[in-house]
Every structure is written in C-alpha cells, then in structure tokens.
Amino acid sequence: MSFFRLIDKGKGPTRLFVGGVHGKEGLSTIHALKKIQSRDVQEGKLIIYNCDTSKYISTLDKKYYQTPIGKEIVRLIRYYKPEVYVEPHCYHEESYISLTDLQRKEKIGVPPLIELEKGVLIGSVSPFIRTSLFKREDVCLTLEMPCINNQDLSFDQELNLKPKLAFDLYVDILKKIALAQDRKDLENKMSEKYPLQVERARKYAREFFGEYPPF
Ligand SMILES: [Zn+2]
C-alpha cells in the first residue's frame, strides 16, 4: 500500500517528497522516507508519499505522466503547490554510468546527475513537470541512491557497508531539505559541503532551463 505522511508545523514553506515513482523503487525509498520524523521539520509542511510498485516508465518519457501514478503525482503537486519538490529514486549499479554520463544531454536530452559522494546523486526533475507545474524559484530535486536489495532488508544492522553509507547520506540530505527555509538556505547549506557539485548543478540549470535555479 502506498505510504502517506503529513507533517504540519504551521506557517512556512510546503515541501512534497514523492518516492517510488516507477518500477520497484518504492521498495527502497520507503526505508528512507520512513526515517523522516516530525522533529525533522521546524516550520511549514512536509508531505511524504511513497508509491506502490508499478511498471517502470522513465519520467523523461512523456507517457509516464499519462499513467495512473504519473497522474497522481501531477494531482499531488497541483493540490499542495509545494515550493520544494523532491523525488527520491534509486538506481541499479549498472545504470550509474548512464545516469552520470557527461554526454547524457547529447544522448538523451537532459543533463547528467551529479554525484554528491558515496553513490548519492542529485539532479533536477523531469522537464515535463519542472517548467509547467513549478515556479522558477521553487526547489525541484531528484535524489538517487543505489537500490536496496531484498536480502539487505533485514536492514540497519545487516546492510553491508557501501549501500549503508549511501543510504545514510541519502536520508541526511532528505532531512537537510526538510529543514531548509527556502531555496537560498538550502543552496547555502549544500554549498558548504558540496561546493563543486552545487556549482555544476547551477551550470546545468543555466544551460538547460535558462535562468532556472540549480535544483
Ligand atoms: Zn527512478
């Protein structure tokens, strides 16, 4: 069953995190999303949604937004009108190269994802929704970690070290985003630890969306 949690701390920004948007990713992302607690939000709202397993269709494929889950996501965005929208995804190791390929824009039309560290990647969201459903100043972020294997599901203690480090960082970034006041605040906090990555994200956003912000 899909997972839904609304954390409401009154006035402030609205954030929407939607995990498991395609395929079996929700089986991995749910573990991270469940780690976010009420105390991780200081003001404003955070809506957390994790989708059930569905057929895998890339969000870069226009048809995705005609599927039931694609339509549901558009409905959620229209309803909550978040200033901060995050899609936690996961990837299989063999996809790492194509996701981070510096020629990705030439090959499939969108910029590569950027590795923060430990296999955690960031990028923007599908251009189909970035420019049509959000304002320029909104934060729109895709976050990727290696998918968690079924045998790792006896979790926390059992997960072997490399995926565990990626998972912990992924949860950490989600919490950072949940705490950030606005885009500037988030950019500043991310720049402290990942200045080169934020600079690259800025460059890609400029090239791809014109004056759009990096995430
Ligand atoms: Zn994905």
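Two strands pair if DSSP finds at least two bridges between them; strands (E, at least two residues) and helices (H or I, at least four) are themselves DSSP runs, numbered from the N terminus. The structure shown in these views is a predicted model, in which local features need pLDDT of at least 70 and side-chain atom pairs count only at pLDDT 80 or more, while totals for chains, interfaces and linings use all residues. Residues are numbered from 1 along each chain as its sequence is written.

**Figure 1. Overall fold of the protein.** The protein contains eight helices and seven strands. Its radius of gyration, 16 Å, is close to the 17 Å that the globule rule gives for 215 residues, so the protein is as compact as a globular protein of that length. This radius is taken over C-alpha atoms, and the globule rule is 2.2 Å times the number of residues to the power 0.38. The C-alpha trace spans about 45 × 45 × 40 Å along the principal axes. Of the 215 residues, 37% are buried; a residue is buried if 20 or more other C-beta atoms lie within 10 Å of its own, exposed if 12 or fewer do, and partly exposed in between, with C-beta atoms placed from the backbone. Among contacts between residues at least 6 apart in sequence, 69% join residues at least 24 apart, a contact being a pair of residues whose C-beta atoms, placed from the backbone, lie within 7 Å.

**Figure 2. The seven-stranded sheet and helix α2.** From one strand to the next, the twist averages 20°. Helix α2 packs on the sheet, where it touches β2, β3 and β4, and its direction makes about 170° with that of β2. For these angles, axes are lines fitted to C-alpha atoms (for helices, over the stretch in contact), and values run from 0 to 180 degrees between N-to-C directions.

**Figure 3. The hairpin of β5 and β6.** Strands β5 (residues 114-117) and β6 (residues 120-123) run antiparallel and are joined by three bridges. Glutamate 115 faces leucine 121 of β6 in this pairing. Two residues separate the strands of the hairpin, and lysine 118 takes a positive phi near 55° there, although lysine 118 is not a glycine. Lysine 118 counts as partly exposed because it has 16 C-beta neighbours inside 10 Å.

**Figure 4. Isoleucine 122 in strand β6.** Isoleucine 122 counts as buried because it has 22 C-beta neighbours inside 10 Å. When its neighbours within four places in sequence are set aside, isoleucine 122 is in contact with Leu113, Ile114, Leu116, Leu141, Thr142, Leu143 and Ala201. The C-alpha atom of isoleucine 122 is separated by 10.0 Å from that of tyrosine 170, a residue 48 places away along the chain.

**Figure 5. The largest nonpolar core.** A nonpolar core is a set of buried Ala, Val, Leu, Ile, Met, Phe, Trp, Tyr and Cys residues joined through C-beta atoms within 7 Å. The largest such core has 48 residues, of which Tyr170, Leu174 and Ile177 touch the most other members. Helix α6 gives the most to this core, with eight residues. Apart from its neighbours within four places in sequence, tyrosine 170 is in contact with Ala32, Val120, Leu143 and Met145.

**Figure 6. The enclosed helix α1.** Helix α1 (residues 26-33) has seven of its eight residues buried, so it is largely enclosed by the rest of the structure. Those buried residues are Gly26, Ser28, Thr29, Ile30, His31, Ala32 and Leu33. They pack against strands β1 (3-9), β2 (14-19), β3 (44-50) and β4 (84-91), and against helix α6 (161-179).

**Figure 7. Proline 68 and lysine 81.** Proline 68 lies in helix α2 (residues 68-80) and counts as exposed, with 11 C-beta neighbours inside 10 Å. Its C-alpha atom is separated by 19 Å from that of arginine 130, which is 62 residues away along the chain. Lysine 81 occupies the loop between α2 and β4. Its phi is near 45°, a positive value in a residue other than glycine. Lysine 81 is partly exposed, with 14 other C-beta atoms within 10 Å.

Terms used
Two residues are in contact if their C-beta atoms, placed from the backbone, lie within 7 Å.
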